[in-house]
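Here's a quick tour of the model you have open.

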Amino acid sequence: MRDDDGASDLVDARLAARLAELRAEHGWSLGELAERSGVSRSTLSRAERAETSPTAAQLNRLCAVYGRTMSRLLGEVEAEPALLVRAEEQPQWEDRAAGFVRRSVSPPHAGLRGELVEGRLAPGADIAYDRPPVPGLEQHVWVLAGALEVTSQDVPHHLGTGDCLRMRVWGATRFRCAGPEETRYVLAVVLP
């Protein structure tokens, strides 16, 4: 993992500003957004002031309320869309407490339906999402290294290196590092 705390801090600051903008665009108070998302008012307030970065699960809940994928939201905090994004320039977001690192591989573009994301889960990492950011979202999970358990519609799927799972997401999902080593995977996301 490269040391890019400065870049991460910049992404966190832009994300905070974008979250505040989205809430303002909808005309919601912090209390209203808390009710809609299930994220506490204090957490929302701290996230909008860049005092804390939301967890992956919290960010997923906010994306669901705003009707966007996580990649789209994170793409919106980038300076300018590009056709090509070099590996060292791909934005990375980290949920340190959960042991999850997410890198947006695809150049962001609001008009396209598909995107690629690289995920890394530390040993023992277990990320649960209570709902998809967009109902009916199509996802392809391709494991590059390690072992991953993906639960969708209450069915656990055990994936090893090279395995690929395709699913349409309507409800809760869970991604768990199922081995003693870090799991790396590619997530292809296609909007319905």
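## The sheet

Leu-148 sits opposite Cys-177 of β9. This is a predicted model, in which local features need pLDDT of at least 70 and side-chain atom pairs count only at pLDDT 80 or more, while totals for chains, interfaces and linings use all residues. Residues are numbered from 1 along each chain as its sequence is written, and side-chain values use heavy atoms, leaving out hydrogens and water.

Strand β6 (residues 148-152) and strand β9 (residues 173-177) run antiparallel, joined by five bridges. Both belong to an open sheet of four strands, ordered β4-β9-β6-β7 with antiparallel pairing. At the edges are β4 (126-129) and β7 (155-159), each pairing on one side only. On average, neighbouring strands here are turned by 15° against each other, direction ignored. On the terms: strands are DSSP runs of E with at least two residues, helices are runs of H or I with at least four, and both are numbered from the N terminus. Two strands pair if DSSP finds at least two bridges between them.

What does Thr-173 touch? Leaving aside residues up to four places away in sequence, Thr-173 is in contact (heavy atoms within 4.5 Å) with Ile-127, Ala-128, Tyr-129, Thr-151 and Ser-152. Thr-173 lies in strand β9, and it counts as buried because its relative accessibility is 8%. Buried means under 20% relative accessible area, exposed over 50% and partly exposed in between, with a 1.4 Å probe and protein chains only.

## Helices α2 and α4

Helix α2 (residues 30-37) packs against helix α4 (residues 56-66) at about 100°, and their axes are 9 Å apart. That makes the two helices, α2 and α4, roughly perpendicular, a label for angles of 65 to 115 degrees. Axes are lines fitted to C-alpha atoms, for helices over the stretch in contact, and angles run from 0 to 180 degrees between N-to-C directions.

From α2, Leu-33, Arg-36 and Ser-37 meet Arg-61, Leu-62, Val-65 and Tyr-66 of α4. The residues of this contact divide into four nonpolar, one polar and two charged.

## Helix α3

Helix α3 (residues 41-48) has Thr-43, Leu-44, Ser-45, Ala-47 and Glu-48 buried. Just after α3, Ala-50 takes a positive phi of about 60°.

## Cysteines

Cys-177 is buried, at 3% relative accessible area, and Cys-63 counts as buried at 1% relative accessibility.

How values were computed: Angles under 35 degrees count as roughly parallel, over 145 as roughly antiparallel, 65 to 115 as roughly perpendicular and the rest as oblique. Ala, Val, Leu, Ile, Met, Phe, Trp, Tyr, Cys and Pro count as nonpolar, Asp, Glu, Lys and Arg as charged, and the others, Gly among them, as polar.
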